[in-house]
Amino acid sequence: MAFGEVTHEVDYFRLHLLPLQIAIAERYKMINESRLPTNVKPTHYALVIKTDLEKLTFHGSGLIQVVVIEDTDVIVLNAGANLDLNANDISLQLRNDDDESSRGRHHWHNPLDVQRDTEKERLSFKLPFTLPKGSQLQLGLKWSSKLGETVTGYFTSPTGEHDGKKRYCSLTQFEPTAARKAFPCWDEPLLKATYALTMISWEGTVNVSNMPISSEWAYVPEVGQRLNDSEDIASDINRWKMTEFETTPLMSTYLLAFANGHFDHLQGSFESPLSGRAIPIRMYTSPSVSRQSQLCMDVVAKVMPIYEEVFHLEYPLPKLDILIVDNHTGGMENWSWWDNLWLNEGFATLMGNVVIIDRVFPEWKMDSDFISGNLSHALELDSARSSHPIEVEVNDTDQIGQIFDTLSYKKAASVLRMLSDHVGEETFLDGVARYLSKHVYGSSVTSDLWEGISEASGKDISKLMNDWITKIGFPILKVTETNNSITVRQDRFLATGDATERENQEIWHVPLSLKTIDGDGRVIVNRNLVLNEREMTIDLDTTRPFKLNSDTKGLYRTSYTVDRLIKLGEEAASTGSSFSLDDRMGLVSDAFVLAKAGFLRTGAALDLVKTLRKGMENQVWSTIMYQLHDLRNVFWEQPTDVQENLDAFARYLYKPIVDELGYEYTESDSPDIVSLRTKAIWAAARSQDSSVVAELRSRFKHFQDTGDDSKIPLDLARAVYCIAVRYGGDAEYKAVKALYLNPPTPSLKGPAILAMTATEDQGCIEDLLVFILSDALHQDVANFFLSAAANKALRRRFVPFFQENFDKFLDKYSGNFTLSSLVKGTYMGLTSESDAVAMEAFFKDKDVSKLNMVIAQTLESIRANSTWIDRSKEDVASWLKIWKEEDQSEIRA
């Protein structure tokens, strides 16, 4: 909320808290027919929102102050199709009554020719007179709607039961263009205004918004008369209360936030290191998660002073509220913003996921986790022809919804992380602070940020960075060598490995970050080397270890000769290696991705994994597990012996870790041990290790028989539930379904979803499909689809299920990110050209204006997988056969 975020689950590793008011780059430029007219501009909204958590409806009224920019007699603004609003609900009044031209117009008027365009979510009407430039208008509106069921606009979330009845809270998610679903407005980020909010709600509930509460009192009929359900309120007037909030600063519509519910709260504070003032923090939660929120409160109190110290800016508001409710993932930051979408999300991701958290919890190794999460996913998406630049001209709201994707967060954060490494983190942060000191509370362009970092570093940052944000894709660096030099060449990288000459025109400025070992064994990293041409030769003693992209900070892939890759693997696996944990992660990730694209044999990537198998680094194993799981997923319809040998190789890797770490968790376990144990047990179980499967099934059986879940630690819930359902039947499936419907703790809902979709029983599969349509929470449907994609028994069944219900899904989830997830979940596990052709045929005659990007990305993924199979199936089968023979020989010996 105020300078914090509406967080929908307790996610300690992703606290996207950016306590800075950063206004950058007025770049949302849409074509004329997609942007609102610029003839008027709102300056202030006085809103009244009445929420009924029993009927799950809301009513609203608004007085909007408008300034006329150009002579006009037409007003056009946004209004969501869900809003019940007609001509009788609109009135207007000219404000500058001292103007001779406005005489007689100061009273309220009804508009003429009111029109609703529900597809474009617009409301337009003519005025009974022409408004001259500079005049001021007050627009009065009333509306009503059902509270939404999907995570967009003003929507509901269940918070458990009370006296045998379900309880709900209501909350907002307006980013990027969903404020219009809660109130009529000029819903574009450039059209900033101030907001004065009053909420009407049931007594006994709590209202929360961006700003502090200025007053709260019993319901006042005079205010209620501004709503179109005042009679309904009057019939039960004593049950209602009113909460008035202080007026916000100037801000975009999507930053407004409010919520109503039976919330508990924790209270704390942090002391500003710049001013010494104590700033209260309130952690509002649904009752079911209130006991689990203390760590989140503690983290917030620790990180806020660090933000102030890093950026030399004091937190400007009198309080910080954070709302945590169950049944939701992700977050909505309602105070920090950059108007450039990529910079907003990228900077928040880098700061919140890595830089600030790493200063509080260095043992979490957040920078290493960034490699396996944000960086890997960014490279995966950006290696497709259907990718897009991260700084992009947005043409309409449908495009905004699609641009607001993984790249907006993860590539953007990865680019900034690469820049931070190139100039040094302290220099990078100093440059950002310089920028903020000049532009805080103002508007600027991206080059202003580059200017700040240039001043701090003495480097031409704009020249270095522009291509990374304005161009599609990234390079592959191909390294060839002699005894005394290496030659590095850059080319456009595509997942399919077939970039054409036309697609390979770009030359990036690539920070090489060359790691070498001198004669005394000291590690030297040259961060000044930048490849700014097609290829360059670097003098280097190649008889000693070397590696480009030190610590895997760069946004590119690196291809070595097979001989060099073997040497890199041996050095990485050696005791006291000169290569870091992050180097090992990068080597594994690059090897498999390059094999998939045809730059390396898949067998060579498997050799690298075999070389590194004796290490116990959690993050390295996370990368290995991800890449091997991807290989097994793509080869899921290959001959049985290939699939069985892939599982056997996985057991060969993971079972020794399980044997080493066991199944029991202790308070003395480090975060790395906890994570590695959990991953190894899960990976060994998925590869059908009989002893691990038996152990997990026995733990679930104990729970089934006794109701005692003490043998299922929270960290193992996913593995235990999924294995129980996969190897069980109807009873196990129904047990986890019951856990989904009534989880003992919100943290168990995700494992329950994954377990329900792990079933291989045909009867349970059909029940699952009905359940998704009828009983699954709307905000969980995407997770059901994405989880189902991991189950080979469901992949073919989900395609007709999705297609038969496509119109329902389109109607229900249009306007939020769920629909894209349904497409991914349905098709991303498919691996043949015929699958791609069938997918194209299905969408050919459909309205895919909100889906064209995810469809293109998914089609490319299917075809890349198909090409990988065709290119590597014999190599993989041969490698596995040889490995199995060698393994059996070792066992016999």
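I started with D430 and R434, which both lie in helix α8 (residues 425-439), 4 residues apart, or about one turn of the helix. Helices (H or I, at least four residues) and strands (E, at least two) are DSSP runs, numbered from the N terminus.

The model is predicted: local features need pLDDT of at least 70, side-chain atom pairs count only at pLDDT 80 or more, and totals for chains, interfaces and linings use all residues. Residues are numbered from 1 along each chain as its sequence is written, and side-chain values use heavy atoms, with hydrogens and water left out.

**Entry: salt bridges**

I took a salt bridge to be a side-chain nitrogen of Lys or Arg within 4 Å of a carboxyl oxygen of Asp or Glu. The count by this rule is 53 salt bridges.

D430 and R434 form one of them, with their closest N and O atoms 3.2 Å apart. I then checked accessibility, where buried means under 20% relative accessible area, exposed over 50%, and partly exposed in between (1.4 Å probe, protein chains only). D430 has 29% relative accessibility and therefore counts as partly exposed. R434 is also partly exposed, because its value is 32%.

K319 bridges to D321, the closest N and O atoms being 2.3 Å apart, and both residues are buried. In the pair D669 and R677 that distance is 2.9 Å; D669 and R677 are buried too.

**Entry: R632**

I found R632 in helix α14 (residues 618-634). R632 counts as buried because its relative accessible area is 15%. For contact I used heavy atoms within 4.5 Å. Apart from neighbours within four places in sequence, R632 touches L646, D647, A650, R686 and S687.

Two strands pair if DSSP finds at least two bridges between them. I traced an open sheet of 4 strands in the order β26-β21-β20-β28, with mixed pairing. Its edge strands, β26 (535-539) and β28 (557-559), each pair on one side only. From one strand to the next the twist averages 25 degrees. For such angles, axes are lines fitted to C-alpha atoms, for helices over the stretch in contact, and angles run from 0 to 180 degrees between N-to-C directions.

Helix α12 (residues 581-597) packs on this sheet and touches β20 (475-481) and β28; the direction of α12 makes about 75 degrees with that of β28. Strand β21 (residues 485-492) pairs with β26 in the antiparallel sense over 5 bridges. I noted S485 opposite D539 in β26.

**Entry: strand β5**

I counted 4 of the 5 residues of strand β5 (residues 90-94) as buried, so β5 is largely enclosed by the rest of the structure. β5 runs antiparallel to strand β8 (residues 136-146), joined to it by 5 bridges. Here L92 stands opposite L139 in β8.

**Entry: the second largest pocket**

I did not take up the cavities; a pocket, on a 1 Å grid over the protein atoms alone, is an open set of points where a 1.4 Å probe fits, with protein on both sides within 12 Å along at least five of seven lines, and lining residues have an atom within 4 Å of a point. The second largest pocket has a volume of about 330 Å³, a volume being the space filled by probe spheres set on the points, which are joined across faces, edges and corners. I listed 14 lining residues, of which E54, K165, K166, R167 and H262 lie nearest the centre. Strand β10 (residues 165-173) gives the most to this lining, with 4 residues.
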